Amino acid sequence: MFETLSDRLTSVFSSLRSKGRLSDADIDATTREIRIALLEADVALPVVKAFVAQVKERARGSEVSQALNPAQQVVKIVNDELIAILGGETRRLRLAKTPPTVIMLAGLQGAGKTTLAGKLAKWLREQGHTPMLVAADLQRPNAVQQLQVVGERAGVAVYAPEPGNGTGDPIAVARTSIDEAKRLQHDVVVIDTAGRLGIDQEMMKQAADIRDAVSPDEVLFVVDAMIGQDAVTTAQAFMEGVGFDGVVLTKLDGDARGGAALSVRHITGRPIMFASTGEKLEDFDAFHPDRMASRILDMGDILTLIEQAQKTFDEEQAAKMAGKLTSGENFTLEDFLEQMMMVQKMGPIKNLLGMMPGMGQMRDQLNSIDDRDLDRIAAIIRSMTPAERQDPKIINGSRRVRIAAGSGVTVTAVSNLVTRFFDAQKMMKRMAGGMGIPGMPGGRGKAAKAQKKVKKGRRVSGDPRKAALGKASSAEEAPAAEPQGGGLLGNLGGKLPPGMELPPGFDPSKFRLPGQK
């Protein structure tokens with residue numbers, strides 16, 4: 001959605017990095033480029049003027065002139081102002097003191113209200129609530145049936161006493177839904193209202209009457225993020241006709257320029273509360289202004305990535321898999337397939353990588369990523385027998401032909417997968433044991449053994465005095481390789497301070513304290 005804006009702002013800031021100090025001309029040129037970038041992203045003109053004026057004022061202040069890195073300070077200022085224009089802090093739902101909490105959805109037809117009602121209900125259910133959807137859109141053909149299907153997919157109840165398709169009273173349905181929710185002990189009611197292709201008085205009056213009948217705790221205005229400047233006009237009309245408490249952006253995964261997201265909050269004064277980023281019911285979450293600003297400036301969104309991983313991965317399973325990864329050899333193709341399936345549950349690989357900082361500069365490579373490649377790998381592994389997945393070394397030429405035929409790929413593809421798996425297994429084994437990485441089991445032991453092996457082949461001098469010194473040195477170093485916990489010298493690791501070295505020929509193993517046998 002914000003790719004064009006992100007690219008323009010990134011190029012603007014890259015030109016500042018070489019400057020040790022920013023002049024007024026540099027600041028003017030930078031803000032001019034920011035203004036053009038925002039206008040090209042379809043941000044409303046009043047919003048652009050206010051944003052640029054605030055950035056220019058702060059850029060000319062002491063926080064930039066006295067900064068060690070002025071370019072980074074300007075990026076910080078733009079980031080702060082983007083967060084402010086997007087709403088500052090994340091706005092949470094207001095829950096009623098006595099259930100049910102009533103949430104009313106309003107917006108134009110085609111904005112995605114019905115689908116969003118299901119997404120919101122599923123999100124609420126995951127938060128521990130028991131929501132109920134209400135079919136109060138009785139005008140649009142099959143709107144009631146669509147909500148019932150969406151509710152079934154989301155696993156939530158749907159209250160639909162009227163068949164719709166132009167029959168029934170939506171105000172009565174909304175009013176009776178509150179009593180129904182109390183009777184069935186639903187703590188949240190989400191009312192899906194009718195929309196129109198454009199603003200008209202009939203739609204506004206019906207939405208206002210429903211609002212008066214149920215006194216909702218939250219009225220959410222659902223807006224299509226792809227309609228550009230019209231989003232601001234529609235939002236102002238709904239603000240005057242019905243009034244709303246928060247904004248929900250749909251279709252943020254589209255290829256439009258995304259100016260609506262930056263405009264609606266500033267024009268209406270109402271926060272963006274939720275965002276829909278895809279077609280699946282899971283592609284929905286609370287809107288975080290700081291994370292969105294970070295994405296726009298190509299600084300990544302690690303917090304959202306972590307949250308998605310926590311939702312997808314089971315802690316016990318992750319710990320078990322981490323143990324296999326550190327051991328190297330115990331990691332099989334079965335484990336690899338399991339991990340790949342869990343990563344796929346988090347969403348498209350392109351989206352996951354896009355949350356990493358600096359990935360905007362690799363957009364062409366990200367666009368070339370095809371999730372179907374993962375499906376092909378899964379097909380290859382599933383075409384193997386359990387024994388082949390456990391021990392890929394037994395996969396010979398005839399087995400590869402059979403696997404290739406079963407998965408619909410070439411024999412070369414099967415060979416490449418097996419070869420890459422062996423390479424990855426070797427790399428994990430090296431990292432786990434032989435390279436002394438902190439926290440990895442086996443690193444110190446192997447390093448000590450290697451050191452011991454080198455010292456074992458050391459030549460002994462023919463001079464008896466030097467040979468005696470060499471033996472004493474070996475005696476000193478032996479406990480150092482594998483320190484013992486119980487002896488006097490064990491706690492010292494076999495090493496003594498300079499001037500207190502052991503005499504030639506002294507055997508520490510024969511040392512006894514008074515009274516010790």
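**Aromatic pairs and a helix contact in a predicted model**

Phe274 is buried, at a relative accessible area of 2% (buried means under 20%, exposed over 50% and partly exposed in between, with a 1.4 Å probe and protein chains only). The model is predicted, so local features need pLDDT of at least 70 and side-chain atom pairs count only at pLDDT 80 or more, while totals for chains, interfaces and linings use all residues. Residues are numbered from 1 along each chain as its sequence is written, and side-chain values use heavy atoms, with hydrogens and water left out.

**Chain overall**

- The protein chain has 23 helices and eight strands (DSSP runs numbered from the N terminus, helices being H or I with at least four residues and strands E with at least two).
- Of the 517 residues in the protein chain, 42% are buried.
- Among contacts in the protein chain with a separation of 6 or more, 71% are between residues 24 or more positions apart (contact means heavy atoms within 4.5 Å).

**Aromatic pairs**

- Six aromatic pairs are found in a search of the whole structure (rings of Phe, Tyr and Trp, the last by its six-membered ring, pair if their centres lie within 6.5 Å; planes under 30 degrees apart are stacked, over 60 edge-to-face and the rest tilted).
- One of these is the stacked pair of Phe274 and Phe284, with 5.2 Å centre to centre and 15 degrees between the planes.
- Phe274 lies in strand S7 (residues 272-276) and Phe284 in strand S8 (residues 284-286), so this pair ties together parts ten residues apart in sequence.
- Phe284 is buried, at 6% relative accessibility.
- Phe421 and Phe422 form a tilted pair, with 6.4 Å centre to centre and 55 degrees between the planes.
- Phe421 is also buried, at 6% relative accessibility.
- Trp123, Phe274 and Phe284 belong to one aromatic cluster.

**Helices H6 and H7**

- Helix H6 (residues 113-126) packs with helix H7 (residues 143-154) at an angle of about 25 degrees, the axes being 9 Å apart (axes are lines fitted to C-alpha atoms over the stretch in contact, and angles run from 0 to 180 degrees between N-to-C directions).
- H6 and H7 are therefore roughly parallel (under 35 degrees; over 145 is roughly antiparallel, 65 to 115 roughly perpendicular and the rest oblique).
- The crossing of H6 and H7 is right-handed (the near helix is turned clockwise from the far one by less than a right angle; anticlockwise is left-handed).
- H6 contributes Thr114, Thr115, Ala117, Gly118, Lys122 and Arg125 to the contact, and H7 contributes Ala143, Gln146, Leu147, Val150 and Ala154.
- By class, the contact of H6 with H7 has five nonpolar, four polar and two charged residues (Ala, Val, Leu, Ile, Met, Phe, Trp, Tyr, Cys and Pro are nonpolar, Asp, Glu, Lys and Arg charged, and the others, Gly among them, polar).
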